[in-house]
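Here is a quick tour of what sits on the inside of this protein. Have a look at the structure first, then read on.

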Amino acid sequence: MGSEGPLAPAVAVTVHVTGFKKFHGVSENPTETIVSNLKEYVKKKGLPKGLTLGSCSILETAGQGALASLYQTLQSAIGGKDSESSTSGKIIWKVPIIPADGDISHTRQTSLPVEEITKALAKMGYEVMTSDDAGRFVCNYVYYHSLRFAEQNGNKSLFVHVPLFLTIDEDTQMQFAASLLEVLASLS
């Protein structure tokens, strides 16, 4: 009688968050700031029941340079050239991200309910939209590897683009990150 303590959630959720360092044209990458401050922010605000914030890692913005950190982060979750053209401009070579997956038309997508996540965040007052385009350079490259790793290890992966702080201020974006964690924790 009362000694059982609070009910444990059916499924515990651990979220590992990554951001990128600055890159060409973006001297202050908001993801670096958000990820660097997220643990302290949620410590003050609290985390949703059943959710654990795992690692918060900042990746290099060079695709190959980001892989070691990415795989280290991904591995911890389970314990443990873009294009070249000829001088004539008539030939474009594209290298598949992972050649063993086949040609460049091979795609991957998250197994998370993106529409449900988007609707929940919109109900909280955030201007959000779904997209199937992580970008053309490092974001796409790293997300593809993340999705492949998640598929191979029974995990899930989600990519979220965020605007510069000039567009949406840092406090609002920190609130958004915490709200996104809340929505992820609520998924069954």
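## Starting with one tyrosine

In which helix is Y41 found? The answer is α1. Keep in mind that what you're looking at is a predicted model.

Y41 has a relative accessible area of 14%, so with the cut-off for buried set at under 20%, Y41 counts as buried. Setting aside residues up to four places away in sequence, Y41 touches D171, M174, Q175 and A178.

## The largest core

Now for the largest nonpolar core, which has 25 residues. The members that touch the most other members are V15, L38, I117, L121, L181 and L184. Two or more residues come from each of β1 (13-20), α1 (30-45), β2 (51-59), α3 (114-123) and α5 (170-186). The top contributor is α5, which gives 9 residues.

Take L38 as a case. Leaving out neighbours within four places in sequence, L38 is in contact with V17, L53, C56, M174, A177 and L181. As a general point, nonpolar side chains in soluble globular proteins tend to be buried together.

## A word on cysteines

C139 is buried, because its relative accessible area of 18% falls under 20%. C56, at 24%, is partly exposed.

How many disulfides does the count come to? The count is 0. For background, a disulfide is a covalent bond between the sulfur atoms of two cysteines.

Definitions and conventions: Residues are numbered from 1 along each chain as its sequence is written. This is a predicted model: local features need pLDDT of at least 70, side-chain atom pairs count only at pLDDT 80 or more; totals for chains, interfaces and linings use all residues. Side-chain values use heavy atoms; hydrogens and water are left out. A nonpolar core is a set of buried Ala, Val, Leu, Ile, Met, Phe, Trp, Tyr and Cys residues joined through side-chain atoms within 4.5 Å. Buried means under 20% relative accessible area, exposed over 50%, partly exposed in between (1.4 Å probe, protein chains only). Helices (H or I, at least four residues) and strands (E, at least two) are DSSP runs, numbered from the N terminus. Contact means heavy atoms within 4.5 Å. A disulfide is a pair of cysteine sulfur atoms within 2.5 Å.
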